[in-house]
Amino acid sequence: GAAYLGQAVVFLYKAIEYDGIRCPDNSPAGCAASIAGFITSVTWIASYLSFAANACGAAVNSGALCAGDWTALMANFGEMATVGAAVKEDCDFNKDWLAILKITGKDDAGPGWKQFIPAGKGPTVETVQKVDALHTADRNRAFDLTQCVVADVTNAAAYIVRAILQIRSAASACPEPKACAINIMNIISSFAWISQFTSLAVSDCWDKGSQKALCAADISDMVAAVTNGPAAGIATTSDCADLPDPLEEEKHLPMD
């Protein structure tokens, strides 16, 4: 949950300030991905808090599981929206995406206010512009590193642990068809998210990024969302029943 909180902050910053993907019209696809990513991250926080309320209790908390399932289902739709917006740019290898993000290249147009500055003040204007650009680049890099450490690396490690627990759960629950289906889809989604966050770490932790890594992350996230979403949906039939059976619910929960 804490990792998704950090990720939400980064997505919000990217939508407001990050060169190349800033809203509203700096990059329509980047803006859409950042806003969808922020909403999705907040939804994941709600889902994991609900699951934590169950895991930390002495007995199965069906209400918390039901809330966790529905918010997870919403978050998976959000993941699809996020990568649906991002994949157009991330997997288009014919564009100079480093120039788009102003990692390389020059912006010849310059800010509109320059035309109102007297010619004699040109060097000062240029200096201020360069200093401002340097500060912006340093701030953007700091948020990339935050995404790398707080979200990418942490989530990749968390999903490795989660996949192990889900494999243990599937091994004991697979005689039951519904529980087996939920567990198998959860395992596939966990490995897909391990792939996604590992790919994101490659891009975010490197100062020049990696378009191929971003494209791989988008594809992995889509695989995760289309498998975890149905698993959450099926789980609601047990967790949100009028008279839920705790023994039935435990069959599709990760084993401690």
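In which hand, left or right, does α6 cross α7? The crossing of α6 with α7 is left-handed, a term used if the near helix is turned anticlockwise from the far one by less than a right angle, with clockwise giving right-handed.

## About the model

This is a predicted model, in which local features need pLDDT of at least 70 and side-chain atom pairs count only at pLDDT 80 or more, while totals for chains, interfaces and linings use all residues. Residues are numbered from 1 along each chain as its sequence is written, and side-chain values use heavy atoms, with hydrogens and water left out.

## α6 and α7

Let's stay with the opening pair. Helices here are DSSP runs of H or I with at least four residues, numbered from the N terminus. α6 (177–204) and α7 (211–239) pack at about 155°, with axes 7 Å apart; the axes are lines fitted to C-alpha atoms over the stretch in contact, and angles run from 0 to 180 degrees between N-to-C directions. α6 is therefore roughly antiparallel to α7, the word for angles over 145 degrees.

By class, the contact of α6 with α7 has 18 nonpolar, eleven polar and two charged residues. Nonpolar covers Ala, Val, Leu, Ile, Met, Phe, Trp, Tyr, Cys and Pro; charged covers Asp, Glu, Lys and Arg; the others, Gly among them, are polar.

## α3 and its partners

Helix α3 (residues 62–90) packs with helix α2 (residues 28–55) at an angle of about 160°, their axes 8 Å apart, so α2 and α3 are roughly antiparallel. Their crossing is left-handed, and the contact is made by 17 nonpolar, eleven polar and three charged residues.

With α7, α3 makes an angle of about 155°, and the axes are 8 Å apart. This pair is therefore roughly antiparallel too, and α3 and α7 cross in a left-handed way. The contact of α3 with α7 contains 17 nonpolar, seven polar and seven charged residues.

## The second largest pocket

The second largest pocket has a volume of about 870 Å³. A pocket is an open set of points on a 1 Å grid over the protein atoms alone, where a 1.4 Å probe fits, with protein on both sides within 12 Å along at least five of seven lines; lining residues have an atom within 4 Å of a point. Points are joined across faces, edges and corners, and the volume is the space filled by probe spheres set on them.

Of its 41 lining residues, Phe51, Ala55, Arg162, Leu253 and Pro254 are the closest to the centre. Among the helices supplying at least two lining residues each are α1 (2–16), α2 and α3, while α5 gives the most, with eight. The lining comprises 24 nonpolar, twelve polar and five charged residues.

## Disulfides

Five disulfides (cysteine sulfur atoms within 2.5 Å) turn up in the whole structure. One joins Cys23 and Cys31, with sulfur atoms 2.0 Å apart; the link is right-handed, with 105° about the S-S bond.

Notes. Parallel < 35°, antiparallel > 145°, perpendicular 65-115°, else oblique.
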